[in-house]
Amino acid sequence: MPGRQHLSGRRADPLRRVALLITAITVPVVIALVVLVNVAGDRGRPSSAAGPAEIDGAAPVRPEDLPVLPLDTPPVTPEAEASCPALMANLPLELAGEPSRRVQSDTPYVYAWGDPPVVLTCGVDRPAGWTVGASAIQINGVQWHVDTSDPDTTVWTAVDRPVYVEVRLPAEVDSAPVTALTIPLAEALPYQEPRPAP
């Protein structure tokens, strides 16, 4: 009997070593997998301790950040009183990515965006260059007379509405603001046959 017990102890010893070896290999692998799963999972979840996300670039310009723009405007005519309120109520707060800005003028029928400003004035006089034979540019069904005589400013005037509507652009700005304004202008003011000066 004692011999058998001793023999059994020898057989059990190699099995114990195999079990220990398996445990020694398996436990670190399981721990490594648990850590890996937790790390990968944390990457997909926002951290509650993290602060607000940082965004590169400048903060957008707000209308109140821009100074009040003083403007010389023509006197208000009965035609302007009849037509311009509908247009002013239909103008966008933002034009070609630029915010609207406060203006100081003698008429309520003027609006500005951005810096350098794009300025719309409703109820201006017929442009001096708008004469018979002068060309007009049509954008979205609105006809514009374009004056480029000032090297610093391009003046676009809608000439086919009940009142003349002028849009002054810095010379370096393309026609995108005018294109955007044709839609509210056409919605607010009905078409009228252009009347160039003789």
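Analyst: Below are questions and answers on the disulfide, the salt bridges and the nonpolar cores of this predicted model.

User: What makes Cys84 and Cys122 a disulfide?

Analyst: Their sulfur atoms are 2.1 Å apart. The cut-off is 2.5 Å, so the pair counts as a disulfide. A search of the whole structure finds 1 disulfide. The link is left-handed, with -85° about the S-S bond.

User: Why is the pair said to link distant parts of the chain?

Analyst: Cys84 sits in helix H2 and Cys122 in strand E6, 38 residues apart. Both Cys84 and Cys122 are buried.

User: How many salt bridges are there?

Analyst: The structure holds 3 salt bridges.

User: Why is the contact of Arg101 with Asp115 called a salt bridge?

Analyst: The closest N and O atoms of Arg101 and Asp115 are 3.5 Å apart. The limit is 4 Å, so the pair qualifies. Arg101 belongs to strand E3, while Asp115 lies in the loop between E5 and E6. The two are 14 residues apart.

User: Is Arg101 buried or exposed, and how do you know that?

Analyst: Arg101 has a relative accessible area of 8%. Buried means under 20%, so Arg101 is buried.

User: What about Asp115, buried or exposed?

Analyst: Asp115 has a relative accessible area of 52%. Exposed means over 50%, so Asp115 is exposed.

User: What makes Glu166 and Arg168 a salt bridge?

Analyst: Their closest N and O atoms are 3.0 Å apart. That is within 4 Å, so the label applies.

User: Why is Arg168 called partly exposed?

Analyst: Its relative accessible area is 35%. Glu166, with 15%, is buried.

User: How do you know that Asp160 and Arg161 form a salt bridge?

Analyst: Their side chains meet at 3.1 Å, N to O. The limit is 4 Å, so this pair also counts. Asp160 is buried, as is Arg161.

User: Which residues touch the most other members of the largest nonpolar core?

Analyst: They are Leu87, Leu120, Trp144, Val165 and Val167, in a core of 26 residues. Several elements each supply at least two residues of this core, including helix H2, strand E6 and helix H3. Leu120 touches, among others, Leu87, Val165, Val167 and Leu181.

User: Which residues belong to the other core?

Analyst: That core lies apart from the largest one and has 5 residues, among them Leu69, Leu71, Val110 and Ala112.

Notes
Residues are numbered from 1 along each chain as its sequence is written. This is a predicted model: local features need pLDDT of at least 70, side-chain atom pairs count only at pLDDT 80 or more; totals for chains, interfaces and linings use all residues. Side-chain values use heavy atoms; hydrogens and water are left out. A nonpolar core is a set of buried Ala, Val, Leu, Ile, Met, Phe, Trp, Tyr and Cys residues joined through side-chain atoms within 4.5 Å. Buried means under 20% relative accessible area, exposed over 50%, partly exposed in between (1.4 Å probe, protein chains only). Helices (H or I, at least four residues) and strands (E, at least two) are DSSP runs, numbered from the N terminus. Contact means heavy atoms within 4.5 Å. Lists of a residue's contacts leave out its neighbours within four places in sequence.
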